[in-house]
Amino acid sequence: GGGVVGWSVAYWLKVLEGQRNGMKVLVVERDPTYSQASTVLSVGGIRQQFSLPENIRMSRFSASFLRNINEHLGVPSEPPVDIQFQPSGYLFLTSQQNAARLEATVRLQREEGAQVALLSPTQLKEKFPWIDTQDVALASYGLEDEGWFDPWTLLNAFRRKAISLGVYSCSGEVRGFVTSASGMMLPQGSPLSSTRIKYVHIHKPDSLDYQPVACAIVINTAGAWAGKLLEVAGVPRELQQPPLPIQPRKRYVFSWHCHDGPGLSCPFLIDTTHAYFRRDGIAGNYLGGMSPSEEDEPDPSDLSVDHDYFQEHVWPQLARRVPAFESIRPRGAWAGYYDYNTFDQNGVLGPHPKLENLFVAAGFSGHGLQHAPAAGRAVAELVVKGRYESLDLERLGWRRLVEGEPLQEDGVV
């Protein structure tokens, strides 16, 4: 996968390899136009407000990386990278029922070094007078390292820098693996078997042929299709257990204009109903949406948009929260994919439990873009150094899938 996570992994592998041309890194992407890529179809947010320590730490790492992006991704003789960061913060609203949980979460965020304020309904109204605070018991507002940026610029910055460091790029699709098993006898006399991927089969666009590519390490960053990738030909069925519980989930993003809506102080607002919106530029335009319930999940086979979903579900919630939104002019919409982890909506990072040279970085369920710098560094550390060094993300590994112990993250939007 050649989205932002894949290119981040490739970049960090070359940074950490220790010697120039110490390894050959190949990024395989089946959609070189990125017309259906989750990265470029996202709304580009970054926040520190998560409830899982690992997610907060990845956000803090990524925020520091983005703040100093040209120290990392600047390419000599090319213009500096400008991701057009808008530091407007995230604003989470909560009801009385969930107020105590939000307070506990903010305490954790502060312990991890995030700058987050708690606002009472009165304080909320004073700061953002355009909000209807009815049914809001408490709000949390990110004061630093939160906002949104241009995803396409970040993807291309990772890509250009990685290629300048010697990473190879290939347009094609991995549709098969060739594996080999080997056995050895432990001193106690019990056998130990291991299975490795020896080749990947890359199918070129508009061709029936495939190219076998020998590999020492395979890293699955296929996003919404990461689970399907491990079900392709060549992976024995017994090695597919437990399955990687990642599915493509279609999410709509709607755009509208409101001439007297929230001004330049408008944050990235997450309503009590989980409807969200943010400012889009400075001319009274906004982006927003809302994840559907499990029973209302749309068909992910294409990226068509159900415009009635905005009229029937999203707009009523936003107009109730922001009275100015009662009068708006829809501008357009698009759909993109979440790489949705059905197990616990958190990323899966690290080595596969049965394929000894396979690593995974996927399943971020909507926060892969903002965590890409940290996730890429973490996986590269595992490959090059054999351990985590920058961040301890051990709990995001496969063990929780094997043992059936999900990690709870309250901040999934």
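Author: A polar contact is a pair of N or O atoms within 3.5 Å; within protein, one must be able to donate a hydrogen and the other to accept it, and residues adjacent in sequence count only if both atoms are side-chain atoms. This is a predicted model, in which local features need pLDDT of at least 70, side-chain atom pairs count only at pLDDT 80 or more, and totals for chains, interfaces and linings use all residues. Residues are numbered from 1 along each chain as its sequence is written, and side-chain values use heavy atoms, with hydrogens and water left out.

Reader: What does the side chain of Asn220 reach?

Author: It reaches the backbone nitrogen of Ala222, at 3.1 Å. Asn220 itself lies in strand E11, residues 218–220; helices (H or I, at least four residues) and strands (E, at least two) are DSSP runs, numbered from the N terminus.

Reader: Is Asn220 buried or exposed?

Author: Asn220 counts as buried because its relative accessibility is 1%. Buried means under 20% relative accessible area, exposed over 50%, and partly exposed in between, with a 1.4 Å probe and protein chains only.

Reader: Which residues does Asn220 touch?

Author: Leaving out residues up to four places away in sequence, its contacts (heavy atoms within 4.5 Å) include Ala226, Leu244, Phe359 and Val360.

Reader: Turning to the largest nonpolar core, which residues touch the most other members?

Author: Trp7, Leu154 and Leu349 do, in a core of 48 residues. Such a core is a set of buried Ala, Val, Leu, Ile, Met, Phe, Trp, Tyr and Cys residues joined through side-chain atoms within 4.5 Å. Elements that each supply at least two residues include H1 (4–16), H6 (151–164) and H9 (368–385). The largest share, nine residues, comes from H1.

Reader: And where is the other core?

Author: Another core, of 34 residues, lies apart from that one, with Phe128, Phe277, Leu303 and Ala324 among its members.

Reader: How many residues of strand E15 are buried?

Author: Five of its five, across residues 285–289. Asn285, Leu287 and Gly289 point one way, and Tyr286 and Gly288 the other.

Reader: Which strands pair with it?

Author: Pairing requires at least two bridges found by DSSP between two strands. E12 (residues 246–257) runs antiparallel to E15 and is joined to it by four bridges, with His257 partnering Asn285. E14 (residues 276–279) also pairs with E15 in the antiparallel sense over four bridges, and Arg278 stands opposite Leu287.

Reader: What lies between E14 and E15?

Author: Five residues separate them in a hairpin, and Gly281 in the turn has a positive phi of about 85°.
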